[in-house]
Amino acid sequence: MKTTDTVPTGVETPGSPGGSGPVVTKAAAPAPRRTAKAEGAALNVFSHGVLIIWAIMVVMPLLWAVMTSFKTDRAIFTSPWSLPDRLHFENWSRAWTEAHMSDYFLNTLLVVGGSLLGTLLLGSMAAYVLARFEFPGNRFIYFLFIGGMSFPIILALVPLFYVMQNMALLNTLHGLILVYIAYSLPFTVFFLTAFFRTLPTSVAEAAFVDGASHSRTFFQVMLPMAKPGLISVGIFNFLGQWNQYLLPTVLNTEPERKVLSQGLVQLAVSQGYKGDWSGLFAGLVMAMLPVLAAYIIFQRQVVAGLTAGAVK
């Protein structure tokens with residue numbers, strides 16, 4: 001009976017020309033080491049752990065403020081971490097009516113809405129020109145806007161106060177709107193200039209060939225294409241303008257024209273020794289709810305606008 005020799009793995013045995021020799025097999029590749037995979041898994045677990053801890057640190061104060069706004073003053077101090085015995089909506093109604101949060105809320109909506117519209121309109125027009133047209137002084141104007149981002153607003157408060165006073169814009173909502181627009185334009189132009197440069201030029205050239213003017217091409221062709229960038233920079237400007245406190249404190253001192261950030265400070269100061277902490281927390285939640293709602297609704301557009309310029 002003929003037996004077949006077994007060739008150990010990795011040993012080469014010369015065979016005879018007639019094929020009577022043992023079969024030669026190639027050595028199998030060694031199994032890849034799993035060190036890199038293990039390190040990647042450990043890093044993934046660590047990064048997720050850090051993100052979870054960071055999320056808890058951010059979310060817990062917000063949840064605690066919302067929970068506290070439905071509690072009584074006594075419950076806030078005796079059991080600050082417990083759930084309210086019932087939902088005390090009278091805290092919200094008291095803050096809305098007696099603390100005049102409704103007036104502050106309306107003033108803030110008017111100021112932020114007008115300034116946001118003006119900032120996006122003027123900023124997008126300036127950014128489009130700087131990104132698409134070459135002319136003498138283009139880079140100089142662009143770097144002027146960049147320099148405006150690094151200029152501390154606190155250094156301009158005193159001259160800005162006298163300029164607003166001389167132009168009869170002090171203690172007016174439309175004057176505050178103009179200041180907000182000027183304050184937000186540098187970042188808006190910087191952001192949208194980089195965004196307009198990533199948009200394809202062939203679409204605009206096709207519009208010019210069809211006889212469209214520059215203004216029609218901008219408003220009907222390029223501006224709709226820049227929607228992700230407009231939403232992203234609009235959210236950032238909305239957050240900054242909604243939470244602005246320094247500018248309205250200096251330029252808007254009339255009680256009936258105060259905005260929400262001033263109203264919260266006024267609510268805290270006017271308490272004196274009464275200690276209406278439940279009403280204060282209710283007003284605080286009222287002020288932060290629009291910001292949270294705006295980010296939750298437009299979070300996909302914000303991410304899309306930030307990443308749209310990564311790949312042409």
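A cavity, on a 1 Å grid over the protein atoms alone, is a set of points where a 1.4 Å probe fits but cannot get out. Grid points are joined across faces, edges and corners, and a volume is the space filled by probe spheres set on the points. This structure holds one cavity of 30 Å³ or more.

This is a predicted model, in which local features need pLDDT of at least 70, side-chain atom pairs count only at pLDDT 80 or more, and totals for chains, interfaces and linings use all residues. Residues are numbered from 1 along each chain as its sequence is written, and side-chain values use heavy atoms, with hydrogens and water left out.

**Stop 1: the cavity**

Select Thr108, Val111, Val112, Tyr180, Gln241, Trp242, Gln244, Val259, Leu260 and Ser261, which line the largest cavity; lining residues have an atom within 4 Å of a point. The space inside is about 40 Å³. Two or more lining residues come from each of α4 (101–132), α10 (227–242) and α12 (260–270). Helices are DSSP runs (H or I, at least four residues), numbered from the N terminus. With three residues, α4 gives the most to this lining. Six of the lining residues are nonpolar, four are polar and none is charged. Here Ala, Val, Leu, Ile, Met, Phe, Trp, Tyr, Cys and Pro count as nonpolar, Asp, Glu, Lys and Arg as charged, and the others, Gly among them, as polar.

**Stop 2: the pocket**

A pocket is an open set of points with protein on both sides within 12 Å along at least five of seven lines. Go to Ile153, Ala182, Tyr183, Ser184 and Pro186, which lie nearest the centre of the largest pocket, among its 17 lining residues. This pocket has about 400 Å³ of space. Its lining takes its largest share, seven residues, from α7, and divides into twelve nonpolar, five polar and no charged residues.

**Stop 3: asparagine 171**

Next, select asparagine 171, in the loop between α6 (157–166) and α7 (173–198). Asparagine 171 has a relative accessible area of 16%, and buried means under 20%, so this residue counts as buried. Its side chain reaches the backbone nitrogen of threonine 253 at 2.7 Å, a polar contact (a pair of N or O atoms within 3.5 Å, one able to donate a hydrogen and the other to accept it).

**Stop 4: confidence**

Finally, colour the chain by pLDDT, the predictor's confidence in each residue, from 0 to 100. The chain averages 83, and 84% of the residues score at least 70. Confidence is highest in α4, at a mean of 94, and lowest in helix α14 (residues 299–307), at 69.

Methods
Buried means under 20% relative accessible area, exposed over 50%, partly exposed in between (1.4 Å probe, protein chains only).
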